[in-house]
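This report describes one protein chain, going from the whole to selected residues. Please look at the sequence and the structure first.

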Amino acid sequence: MKNKKTKKLRIVPLGGLEKIGMNITAFEYDDSIIVVDCGLSFPEDDMFGIDLIVPDLTYLQDNYDKVKGFFITHGHEDHIGAIPYVMKEINVPIYSTKLTNGLIEHKLEEHEMLKVVKRKVVSYGQHINLGAFRVEFIKTNHSIQDAAALAIYSPAGIVVHTGDFKVDYTPVFGDAIDLPRFGEIGKKGVLALMCDSTNA
């Protein structure tokens, strides 16, 4: 009998499933964790005295030494709203496109955290290597500019996280969604597709 542990990719939703808001998902392989999005949600009518709902950070706090960075798909509140609150506990670099980064910087400035949180502006097609992961930003369209899907490469396989998107061949600003790149990644073989779009 072998005692050797088989390393696995773990996908840990920390919010956002089956509801609108508080999108945040951790991807873990061996000693590396990356996090996609960091949103908040707004209270229901019966939640008196509550202004905002932020994700439960217990899992990330318990594994802080493994957390390498946050990757943000776009600049809506349900994807970036919790960043100032989360960065007070889990301060690691944030990777996002130009407009998304600008919106994040505005939030950090409000909380006087602009100088203490590292941010990196990423271009479409760019790959970021962090720990056991490599993450590629792919152009998509959404109701906000500079939205991105993520191809997350791990030793266990490729996970595609679409972010919120729509297939728009005539966007008001910028280029259309990069469907050919999705096709190319599909030909390589995708372990899991995480499709995130409101009311889809």
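## Surface and basis of the model

The accessible surface of the chain comes to about 10800 Å², and 51% of that surface belongs to carbon and sulfur atoms. Accessible areas come from the Shrake-Rupley method with a 1.4 Å probe, and for residues only the protein chains shown count as cover.

This is a predicted model, in which local features need pLDDT of at least 70 and side-chain atom pairs count only at pLDDT 80 or more, while totals for chains, interfaces and linings use all residues. Residues are numbered from 1 along each chain as its sequence is written, and side-chain values use heavy atoms, with hydrogens and water left out.

## Overall form

The chain has 5 helices and 11 strands. Both are DSSP runs numbered from the N terminus: helices are H or I runs of at least four residues, and strands are E runs of at least two. Along its principal axes, the C-alpha trace spans about 55 × 45 × 35 Å.

Of the 200 residues in the chain, 47% are buried. Buried means under 20% relative accessible area, exposed means over 50%, and partly exposed lies in between (1.4 Å probe, protein chains only). Among contacts (heavy atoms within 4.5 Å) with a separation of 6 or more, 60% join residues 24 or more positions apart.

## Charges

The chain carries 22 positive and 27 negative charges, and their mean positions are 12 Å apart. Lys and Arg count as positive, Asp and Glu as negative, and His and the chain ends are not counted. Each charge is placed at NZ of Lys, CZ of Arg, CG of Asp or CD of Glu.

## Nonpolar cores

In soluble globular proteins, nonpolar side chains tend to be buried together. A nonpolar core is here a set of buried Ala, Val, Leu, Ile, Met, Phe, Trp, Tyr and Cys residues joined through side-chain atoms within 4.5 Å. The largest such core has 25 residues, and Leu60, Phe70 and Ile83 have the most contacts inside it. At least two residues of this core come from each of strands E1 (9-15), E2 (24-29), E3 (32-36) and E4 (67-71) and helices H3 (83-87) and H4 (98-110). H3 supplies the largest share, 3 residues. Another core, of 17 residues, lies apart from it and includes Ile34, Val122, Ala148 and Leu150.

Leaving aside neighbours within four places in sequence, Leu60 is in contact with Leu14, Ala26, Ile33, Val35, Val67, Phe70 and Ile90.

## Selected residues

Phe137 is in strand E8 (residues 133-139). Phe137 counts as buried because its relative accessibility is 1%. The C-alpha atoms of Phe137 and His127, 10 residues apart along the chain, are separated by 6.9 Å. Asp164, in the loop between strand E10 (157-161) and helix H5 (179-188), is also buried, with a relative accessible area of 3%. Its C-alpha atom is 7.7 Å from that of Ala147, 17 residues away along the chain.

Asp30 has phi near 55 degrees, a positive value in a residue other than glycine. Asp30 sits in the loop between E2 and E3 and is partly exposed at 38% relative accessibility. For Glu112, phi is likewise positive, near 55 degrees. Glu112 lies in the loop between H4 and strand E6 (119-121) and counts as exposed at 75% relative accessibility.
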